[in-house]
Amino acid sequence: MRIIDFWLTCFYLSFCFYAQLLNSQNLTCNSQDLKALEGFASGITSGISGWGGNSSSNCCNWTGVLCNSSSSLGLTGSSVSGRVVELNLNGRRLSGKLSDSLGDLDQLRTLNLSRNSLRGPLPYSLLHLGNLVTLDLRGNDFSGEIPAIISLPSVQTFDISENFFRGQVPVSICSNSSQIRILSLSLNFFSGNLPPGFGNCSRSLQRLCVGSNLLNGTLPEDIFLLGKFNRLDIQDNQFSGKLSSRIGNLSNLLHLDISSNRLYGDLPDVFHSFKNLTDFIAQSNNFTGMIPRSLSNSPTISLLNLRNNSFNGEISLNCTAMTQLVSLDLSTNQFFGSIPDNLPSCRKLTAINLAKSNLSGQIPDSFKNFPSLSYLSLSNSSFTNLTSALGILQQCKNLTTLVLTMNFQGEELVAERNFHFEKLKVLIIANCKLSGSVPYWLMNSTNLQLLDLSWNHLTGVIPSWLGNFESLFYLGLSNNMFTGEIPISLAGLQSLIFRNISLEQPPPRFSLLHAEDSEC
């Protein structure tokens with residue numbers, strides 16, 4: 001029944017869309033709207049495919065234009081008189097500037113000009129369209145300041161991210177837009193403090209994205225009044241001060257990204273207030289203290305990134321409670337002690353980065369039963385007993401990436417052991433001063449794409465069977481003590497990226513790579 005319901009729903013939606021499209025094609029373009037679109041087209045230097053020339057003089061049939069009848073909009077006029085309600089030309093490689101005539105499309109509900117090369121300031125009239133619901137101009141080359149007064153009383157989505165706007169954040173939109181749900185201003189050049197006024201959006205605003213600008217100062221207090229928030233992105237700015245405990249008032253948050261700022265002090269212990277929080281990203285700040293108890297017991301967190309701060313103490317996570325944890329990055333902090341042996345109890349945990357976190361000891365035996373683990377980085381630490389570590393980690397049958405750089409100093413890379421890493425794609429054991437040779441057990445890791453054993457004391461010859469790794473794109477064997485010739489089999493590796501193997505510095509630390517959600 002569910003399958004039948006699904007296809008019936010798809011059929012119904014398709015039918016509605018097709019009916020709407022046919023209705024648009026049967027309408028005659030309103031003369032005011034035609035003039036407005038002609039004015040818009042005159043500013044587009046690249047031209048618009050499907051407009052003008054041999055195209056119909058009826059703008060309701062133009063590419064990206066959708067009309068509704070005047071009667072359906074509650075307007076007087078002929079039943080075949082069409083008013084432009086949508087202009088969608090995203091990703092059409094348009095260049096040029098926006099004409100002020102867009103403001104004459106007084107029935108426009110959706111304007112989507114995203115992913116083009118449009119430039120210049122926004123026309124004043126565009127920000128005073130009374131019926132506009134969606135404005136999407138992201139991914140262009142628009143510039144200048146946003147006018148101090150914006151009057152878009154019907155707007156729900158306002159997205160001008162990935163442009164070159166500057167000046168103050170246009171918080172005035174909250175004064176005149178009581179229905180706004182999404183406000184995305186990321187990847188611009190807005191500067192100064194984040195001004196007060198967002199509290200005026202408290203009844204509607206669900207997403208605020210101001211990441212990757214030049215904003216500074218502390219967060220305004222009224223931002224913590226936005227109880228409907230499900231996403232807050234303020235990353236890559238220069239915000240400072242302590243993170244207020246009032247952040248806990250935003251109890252509906254799903255995604256919170258405060259990374260790459262100048263925030264400091266302890267994280268407030270308020271994470272029990274977040275009933276649905278899945279992503280918490282706080283990397284590259286100056287936070288100190290221990291991980292809050294409410295965070296280390298969160299039953300909803302899926303992605304936890306506290307990298308590059310000054311957190312301390314022993315790492316203590318309640319994996320019995322953290323049932324949704326998938327990605328954990330605690331690297332580059334000041335923790336002490338050993339790797340928590342209960343991490344395999346986090347049943348969904350696939351990616352762990354504990355690099356450069358001051359940890360020591362050995363890999364816990366409990367990691368033998370860690371079937372979900374796919375990515376593990378422990379580089380730049382003080383771990384010992386490489387042979388034991390490899391013997392344990394080979395039991396992680398889904399392990400694809402293993403980074404052990406700058407550990408196991410002066411130990412031997414055992415060649416004869418019968419280790420099996422069948423799914424391994426990335427293996428980095430560089431700068432460990434290891435003795436031994438390229439281990440034979442690697443011969444079975446035929447899925448390897450990156451192998452780095454550089455900056456060790458390995459001897460012997462470079463084995464010819466490395467040429468069997470058809471997917472290998474990087475091979476790092478520099479700064480060892482190999483003898484003999486480079487195997488000719490390596491020349492047959494089509495994916496291999498050749499580079500200078502006489503580097504004078506060790507390779508940089510290989511950091512955790514995971515796909516943090518960037519879509520606002």
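Mentor: Start with the rule: a disulfide is a pair of cysteine sulfur atoms within 2.5 Å. This is a predicted model. By that rule the count comes to four disulfides.

Trainee: What makes Cys 29 and Cys 59 a disulfide?

Mentor: Their S to S distance is 1.7 Å. The cut-off is within 2.5 Å, so the pair counts as a disulfide. This pair links distant parts of the chain, 30 residues apart. Cys 29 sits in strand 1, and Cys 59 in the loop between helix 2 and strand 2.

Trainee: Why is the disulfide of Cys 60 and Cys 67 called left-handed?

Mentor: The torsion about its S-S bond is about -95 degrees, so it is left-handed. The link of Cys 29 and Cys 59 has 70 degrees about the S-S bond and is right-handed.

Trainee: How do you know that Cys 174 and Cys 201 form a disulfide?

Mentor: Their sulfurs are 1.9 Å apart. The rule asks for within 2.5 Å, so the pair qualifies. Cys 174 lies in helix 3 and Cys 201 in the loop between strand 12 and strand 13.

Trainee: Why is Cys 174 counted as buried?

Mentor: Its relative accessibility is 3%. Buried means under 20%, so Cys 174 is buried. Cys 201, with a relative accessible area of 1%, is buried too.

Trainee: What makes Cys 432 buried or exposed?

Mentor: Its relative accessible area is 0%. That is under 20%, so Cys 432 is buried. Cys 396 has 3% and is buried as well.

Terms used:
Residues are numbered from 1 along each chain as its sequence is written. This is a predicted model: local features need pLDDT of at least 70, side-chain atom pairs count only at pLDDT 80 or more; totals for chains, interfaces and linings use all residues. Side-chain values use heavy atoms; hydrogens and water are left out. Helices (H or I, at least four residues) and strands (E, at least two) are DSSP runs, numbered from the N terminus. Buried means under 20% relative accessible area, exposed over 50%, partly exposed in between (1.4 Å probe, protein chains only).
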